Amino acid sequence: MPSFLEVDRLTAGYGGPPVLDDISLGVSEGEFVALLGSSGCGKTTLLRAIAGFAAPQSGAIRVAGRDITRMPPDRRDMAMVFQSYALWPHMTVRQNIGYGLKVRRVGAQEATAKIDEMIAMLGLHDLGERKVTALSGGQRQRVALGRALAVGPRILLLDEPLSNLDARIRQSVRHEIRALQRRFAITAIHVTHDREEAMVMADRIVILNGGRIEQQGEPERIYNQPESPFVARFMGAENTIALRARIAPDSIEILPGPDNAPAVLKRLEGEALPAGASAGDIEVTAFFRGESAEILPADDIPPAEVPGEIVVTGHVTQVSYPGGTWRHAVTVGGHEIQVDSESRHEPPARVQVRLPHREAFIFPRSTHDPATNRLPA
């Protein structure tokens with residue numbers, strides 16, 4: 001079944017090297033997709049190309065089978081909410097919400113009804129005649145959203161619309177946007193660099209890196225099954241432990257080292273091995289989140305294999321309390337990792353860190369394209 005919005009082998013840039021490199025992406029009607037990535041990865045360029053504000057060098061963009069690649073923005077049946085709100089400062093709330101309706105020459109009675117609907121739906125009662133310069137950031141964002149929705153677009157484009165809001169307001173507005181998107185069944189593309197924002201708002205997350213799609217999928221899958229070191233780090237698994245592994249017929253064995261116990265972690269289940277893995281022993285890196293590991297005094301347990309867990313030994317060098325748990329900086333073999341615990345371990349305590357294999361994302365260490373070298377689960 002063809003996608004409602006289809007980006008087909010799109011390459012785009014701004015005169016120099018392309019920012020987007022042969023990207024293809026399909027979006028279903030009514031789906032909420034978050035484009036996630038660090039600054040310069042191409043997510044905003046992709047959104048602008050879809051909107052018609054950035055001309056592709058090659059490739060095509062189609063909506064419901066219609067090619068809109070060279071079509072001007074006002075003929076694409078889309079609406080965009082900008083990071084800067086882009087409201088008219090000399091206009092009132094009502095005038096800003098109704099601006100798109102005026103441009104489209106919607107009749108006065110119909111426009112008034114639509115503006116009233118948006119004001120009521122967005123909780124802007126008693127603010128209709130107020131200038132937008134007198135509003136808070138959250139209220140301005142609601143006005144910008146109301147202006148976009150008032151014209152009844154088939155596709156809603158959101159360019160980091162929450163980045164200028166404080167944390168408390170941002171959490172409430174993100175849920176409002178998601179509720180409105182579901183209510184109107186609008187196809188939405190949302191650009192963000194905030195992984196939590198993408199996780200709570202999107203049906204599907206598309207992670208971009210260097211102008212290419214690194215991974216895409218449902219939020220839970222992206223979080224729990226990253227397919228490359230880049231995605232693992234971006235989704236919070238920033239701790240790394242260098243290990244040696246041996247490929248066995250039915251498992252991946254972690255070999256004992258100066259700071260780690262042996263472990264048997266994963267069944268291969270017939271999946272193809274990464275390049276070079278058939279030789280036997282390989283160098284690997286385990287990526288993990290600080291809250292996924294357990295930290296224990298080293299003297300409480302022997303430095304031996306724990307079934308299904310990676311166990312490393314190190315020393316606490318620093319401890320802090322960010323809230324809820326204690327955060328420990330632990331040096332393992334000259335490399336520092338961050339581990340959270342409900343118990344405080346004072347420096348320079350010798351500790352063992354236990355990491356369940358399901359919380360460890362293991363990739364061969366390679367000098368070439370680490371994204372293709374995920375060890376099979």
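**Chat about the fold**

Me: What does Ile97 touch, leaving aside its neighbours within four places in sequence?
Reply: Ile97 is in contact with Ile115, Met118, Ile119, Leu124, Val143, Gly146, Arg147 and Ala150. Contact here means heavy atoms within 4.5 Å.

Me: What am I looking at, and how is it numbered?
Reply: This is a predicted model, where local features need pLDDT of at least 70 and side-chain atom pairs count only at pLDDT 80 or more, while totals for chains, interfaces and linings use all residues. Residues are numbered from 1 along each chain as its sequence is written, and side-chain values use heavy atoms, with hydrogens and water left out.

Me: Back to Ile97. Which residues touch the most other members of the largest nonpolar core?
Reply: Ile97, Leu124, Val143, Leu145, Leu156 and Ile177, out of 45 residues in that core. A nonpolar core is a set of buried Ala, Val, Leu, Ile, Met, Phe, Trp, Tyr and Cys residues joined through side-chain atoms within 4.5 Å. Buried means under 20% relative accessible area, exposed over 50%, and partly exposed in between, with a 1.4 Å probe and protein chains only.

Me: Which element gives the largest share of this core?
Reply: Helix H5 (residues 137–150), with 6 residues. Helices (H or I, at least four residues) and strands (E, at least two) are DSSP runs numbered from the N terminus. Another core of 30 residues lies apart from the largest one, and Phe4, Leu46, Ile50 and Leu157 are among its members.

Me: Leu46 and Ile50 are in H1, I think. Which residues of H1 are buried?
Reply: Lys43, Thr45, Leu46, Leu47, Ala49, Ile50 and Ala51. That is 7 of the 9 residues of helix H1 (residues 43–51), so this helix is largely enclosed by the rest of the structure. Just after H1, Gly52 has a positive phi of about 100 degrees.

Me: And Leu157, what is its strand like?
Reply: Leu157 is in S7, where Ile155, Leu157 and Asp159 on one side and Leu156 and Leu158 on the other are all buried. So both faces are covered, and 5 of the 5 residues of strand S7 (residues 155–159) count as buried.

Me: New topic. Which residues other than glycine have a positive phi?
Reply: Arg105 is one, at about 60 degrees, and Ala185 is another, near 55 degrees. Most residues other than glycine have a negative phi, and most peptide bonds are trans.

Me: Where are they, and is Arg105 buried or exposed?
Reply: Arg105 is in the loop between helix H3 (99–103) and helix H4 (108–121), and Ala185 is in the loop between helix H6 (167–184) and S8. Arg105 is exposed, with a relative accessible area of 77%.

Me: Where is there a cis peptide bond?
Reply: Between Pro347 and Pro348, with omega about 0 degrees. Pro348 is in the loop between strand S18 (335–341) and strand S19 (350–356).

Me: Last one: how many helices and strands overall?
Reply: The protein chain has 9 helices and 20 strands. Of its 377 residues, 49% are buried. Its C-alpha atoms fill a box of roughly 80 × 45 × 35 Å along the principal axes.
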